[in-house]
Amino acid sequence: MAIPARRRVADIAAFAFATAATVFGLVWLAWILWTTLLQGAAALTPSLFSQMTPPPGASGGLLNAFYGSAVMILLGVIIGTPIGVAAGTYLAEHGRYTRLAAIVSFVNDILLSAPSIVIGLFVYEMVVRTAGHFSGYAGALALAMILLPIVVRTTEESLRLIPDQMREAGFALGLPRWRVTRQILYKAARSAILTGILLGVARIAGETAPLLFTALNNQFWSSSLNGPLANIPVVIFQYAMSPYDEWHTLAWAGAFVLTAFVLILNILVRLLARRGKN
Amino acid sequence: MNATAADTAELVPPTRKSGVGADRAFGLITAAAAWLVLLLLGGVAVSMAWGGRLAFQTFGWHFVTGKDWDVGAEKFGAFVPIYGTLVTSAIALIIAVPVSIGIALFLTDIAPRWTRGPIAIAIELLAAIPSIIYGMWGLFIFAPFMAAHVEPWLNDHLGSKAVIGPLFSGPPIGIGMLTAGIVLGIMVIPFVSSVAREVFSAVPAPLKESAVALGSTRWEILSRVTLPYTRSAVIGAVFLGLGRALGETMAVTFVLGNAHDLSLSLLMPSNSIAAAIANEFTEADTELYRSSLIALGFLLFVVTFIVLTIAKLMLLRLNRQLGRTH
């Protein structure tokens with residue numbers, strides 16, 4: 001029995017639309033990456049990694065901003081990871097089936113998508129206002145707050161994937177619960193949790209909004225976390241919004257390095273995760 | 001596995017040292033961390049409300065309905081940024097929802113199997129690109145493109161139409177609500193499409209096979225089996241995208257123009273809640289000014305909280321339907 005023409009046309013139209021939608025999505029990705037590559041590659045110079053951010057009209061690099069970003073990301077991971085892993089452990093193991101775990105799991109999903117600018121305002125109110133000045137510590141705390149729900153979610157999910165037989169085997173050997181978690185479950189879930197942390201790093205590396213009023217920016221070299229600290233996203237923001245061509249060039253160079261870092265990290269993590277599965 | 005002496009030594013029965021006390025301590029630590037997550041969300045809400053109390057007390061409802069944002073006169077009405085946030089998010093959803101459903105359909109039913117993984121990853125990479133990159137690209141590349149090619153066309157063809165005309169008239173400067181909405185739409189696509197793809201592929205095969213057996217075309221399977229079956233989750237995905245669009249800051253800050261003028265035209269610069277905070281917070285030199293911006297943050301937080309809660313509840317509903325507890 002032949003399908004009537006009207007139904008066939010609807011079918012073809014829907015499929016043409018779906019294909020076009022996918023092409024539409026991929027075109028933007030290609031366009032944005034192409035622009036960043038083109039503008040960024042032209043702006044790459046060795047002095048990018050050896051000189052400080054310049055005043056308007058002068059040449060310079062982004063060394064202090066790279067340093068500040070690296071330090072704040074590292075500190076954010078150091079603060080956010082243990083708390084996130086512990087909370088994720090509670091949700092999947094020690095607090096399993098409790099009402100608290102259900103509520104926290106729900107709330108964590110909301111934190112995961114909460115506007116990052118509000119996180120920045122929160123840290124401003126809590127830390128910057130209390131201390132009386134902007135600081136790298138405040139920036140790292142804001143980044144840790146962005147990272148935290150990501151780590152909680154991946155820890156919970158990867159622990160849940162472990163079959164209960166593994167836990168039972170541990171208990172049968174007479175291990176107390178915390179040793180089962182630490183010595184059996186964490187080992188089994190290690191690569192999955194690590195994947196989550198790395199994806200979290202890729203996410204916080206590009207976060208700008210939470211740093212605007214916490215770490216602020218610093219035109220000069222500063223290794224102190226107790227004062228305003230230069231960082232790549234805020235430098236890109238300020239330089240791109242400025243009227244100076246030299247600053248625009250530096251902003252593109254920063255954008256290129258940032259995008260390359262984030263994308264390479266994302267792709268590597270996905271490749272590793274896939275290899276782990278096979 | 002090769003058991004070494006060290007490994008087997010780990011597996012001796014619990015002694016008093018590693019027994020009940022340590023177990024309880026470990027449980028308490030993890031519970032404390034879980035409480036901290038809860039406290040952080042509560043803390044954000046309370047501190048935003050507390051920081052914004054001066055603005056709410058001073059202006060009352062006029063803070064939400066007032067159209068003037070006058071720094072000099074210390075008069076703050078947030079109608080323009082609220083309006084800008086809603087309009088740009090609406091444009092974003094109008095673009096992102098059909099496109100995302102199309103992508104999900106393409107990836108579950110149309111694409112050759114070996115291309116599905118790479119295409120899905122490529123679409124998800126759209127979400128990995130930092131929003132500041134979207135902002136720069138929007139400001140230097142996309143806004144000039146809109147000004148040169150798209151907006152003059154809209155002016156000529158839609159600007160003189162009866163009802164929708166005022167939406168598309170105005171100077172084609174590239175910076176404005178339409179450009180910001182489109183950029184937001186692109187940013188939201190990966191979030192909506194990845195959820196949609198996941199739930200589409202969770203539709204039980206026998207349901208689809210029955211439809212095929214009854215002679216359905218593939219479009220009829222989508223519109224009469226897949227979409228009705230996954231409706232609540234697809235709505236959840238849309239709300240998830242909305243939550244993202246409402247709170248997105250940097251990309252919008254670059255291309256919206258930071259103008260506190262109310263305009264019906266989508267081509268005109270405007271403001272959004274997040275962009276106003278990002279642009280003005282470090283310049284806010286009076287208590288009332290700063291409090292007004294924090295009050296904006298409070299509004300944004302409450303609205304996104306509600307939207308994301310709806311999203312989560314809708315997504316949970318499908319999971320329950322599928323018999324999954326998580």
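At 46% relative accessibility, Arg218(B) counts as partly exposed, a class that lies between buried (under 20% relative accessible area) and exposed (over 50%), as judged with a 1.4 Å probe and protein chains only. The model is a predicted one, in which local features need pLDDT of at least 70 and side-chain atom pairs count only at pLDDT 80 or more, while totals for chains, interfaces and linings use all residues. Residues are numbered from 1 along each chain as its sequence is written, chains are lettered from A and ligands numbered from 1 in the order in which they are written, and side-chain values use heavy atoms, with hydrogens and water left out.

Arg218(B) forms a salt bridge with Asp11(A), the closest N and O atoms being 4.0 Å apart, where a salt bridge is a side-chain nitrogen of Lys or Arg within 4 Å of a carboxyl oxygen of Asp or Glu. This pair crosses between chains, running from helix H10 (residues 218-247) of chain B, which holds Arg218(B), to helix H1 (residues 5-43) of chain A, which holds Asp11(A); helices are DSSP runs (H or I, at least four residues), numbered from the N terminus. In contrast to the partly exposed Arg218(B), Asp11(A) is buried, with a relative accessible area of 11%.

A second bridge between the chains is made by the side chains of Glu124(B) and Arg270(A), at 2.7 Å from N to O. Glu124(B) belongs to helix H6 (residues 113-128) of chain B and Arg270(A) to helix H10 (residues 245-277) of chain A, so the pair joins two chains. Both partners are partly exposed, Glu124(B) at 23% relative accessibility and Arg270(A) at 22%.

The contact, defined by heavy atoms within 4.5 Å, takes 88 residues from chain B and 91 residues from chain A.

Within chain A, Glu156(A) forms a salt bridge with Arg153(A), with the closest N and O atoms 2.6 Å apart. These two residues are separated by about one helical turn, because they stand 3 residues apart in helix H5 (residues 136-160) of chain A. Glu156(A) is buried at a relative accessible area of 1%, and Arg153(A) is likewise counted as buried, at 11%. Both take part in a network of salt bridges that links Asp109(A), Arg153(A), Glu156(A), Arg160(A) and Lys312(B).

Two further helices of chain B may be described. In helix H12 (residues 273-280), 8 of the 8 residues are buried, so this helix is largely enclosed by the rest of the structure; among these buried residues are Ile273(B), Ile277(B), Asn279(B) and Glu280(B). Helix H13 (residues 287-321) contains Phe305(B), which is partly exposed, with a relative accessible area of 31%. Together with Val302(B), Ile306(B) and Ile310(B), Phe305(B) makes a nonpolar surface patch of about 280 Å². Patches are made of residues with over 30% relative accessible area and no salt bridge, with like charges joined within 9 Å and nonpolar side chains (Val, Leu, Ile, Met, Phe, Trp, Tyr) within 5 Å, and the accessible areas come from the Shrake-Rupley method with a 1.4 Å probe, for which, in the case of residues, only the protein chains shown count as cover.
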